[in-house]
Amino acid sequence: MTLDELTLEILAERAFTQFDSKKLVDWAVDALSMGYESEDLLILAGLDFETTEERELYFWKCIGHFNLNYIKSD
């Protein structure tokens with residue numbers, strides 16, 4: 001699975017189901033295991049006990065850092 005596919009999966013789940021933001025942390029851990037690295041990704045991977053807002057902030061920073069073309073929406 002590529003980072004793009006992993007991200008699409010997370011965004012689809014976020015849009016169509018009851019979403020637990022802990023899955024953003026899992027996304028970051030998966031991305032790290034795939035060899036991706038950034039300071040924001042490392043921070044996100046460690047946000048097990050933070051708020052949804054904090055997790056989403058770092059998730060969208062990672063999206064920008066890795067030049068993934070997704071638009072944040074509600």
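Author: Start with the pair α1 and α2, which are roughly antiparallel to each other, because angles over 145 degrees count as roughly antiparallel, under 35 as roughly parallel, 65 to 115 as roughly perpendicular and the rest as oblique. Their packing angle is about 175°, and their axes are 11 Å apart. Axes here are lines fitted to C-alpha atoms, for helices over the stretch in contact, and angles run from 0 to 180 degrees between N-to-C directions. Helices (H or I, at least four residues) are DSSP runs, numbered from the N terminus.

This is a predicted model: local features need pLDDT of at least 70, side-chain atom pairs count only at pLDDT 80 or more, and totals for chains, interfaces and linings use all residues. Residues are numbered from 1 along each chain as its sequence is written, and side-chain values use heavy atoms, with hydrogens and water left out.

Now the residues of that first pair. From α1 come Leu3, Leu6, Thr7, Ile10 and Glu13; α2 answers with Lys23, Leu24, Trp27, Asp30 and Ala31. Contact means heavy atoms within 4.5 Å. By class, six of these residues are nonpolar, one is polar and three are charged. Ala, Val, Leu, Ile, Met, Phe, Trp, Tyr, Cys and Pro count as nonpolar, Asp, Glu, Lys and Arg as charged, and the others, Gly among them, as polar.

Next, α1 against α4. Their axes come within 13 Å and cross at roughly 140°. That angle makes α1 oblique to α4. The crossing is left-handed: the near helix is turned anticlockwise from the far one by less than a right angle, whereas clockwise would be right-handed. Thr7, Ile10, Leu11 and Arg14 in α1 touch Glu56, Phe59, Trp60 and Ile63 in α4. This contact of α1 with α4 holds five nonpolar, one polar and two charged residues.

The axes of α2 and α4 lie 9 Å apart, at an angle of about 35°. The crossing of α2 and α4 is left-handed. Lys22, Leu24, Val25 and Trp27 in α2 meet Arg55, Glu56, Phe59, Cys62 and Ile63 in α4. The classes in the contact of α2 with α4 are six nonpolar, no polar and three charged.

Buried means under 20% relative accessible area, exposed over 50%, partly exposed in between (1.4 Å probe, protein chains only). Take Leu3. Leaving aside neighbours within four places in sequence, Leu3 is in contact with Trp27, Ala31, Met34, Tyr36, Phe66 and Leu68.

Asp48 sits in the loop between α3 and α4. Asp48 is partly exposed, at 34% relative accessibility. Its C-alpha is 6.7 Å from that of Val25, 23 residues apart in sequence. Beyond four places in sequence, Asp48 is in contact with Lys22, Val25 and Arg55. Thr52 lies in helix α4. Thr52 is partly exposed, with a relative accessible area of 36%. Thr52 and Ser21 are 31 residues apart in sequence, yet 5.6 Å apart C-alpha to C-alpha.

Last, a backbone detail. Asn67 lies in the segment after α4. Asn67 is not a glycine, but has a positive phi of about 55°. Most residues other than glycine have a negative phi. Asn67 is exposed, at 63% relative accessibility.

Definitions and conventions: Helices (H or I, at least four residues) and strands (E, at least two) are DSSP runs, numbered from the N terminus.
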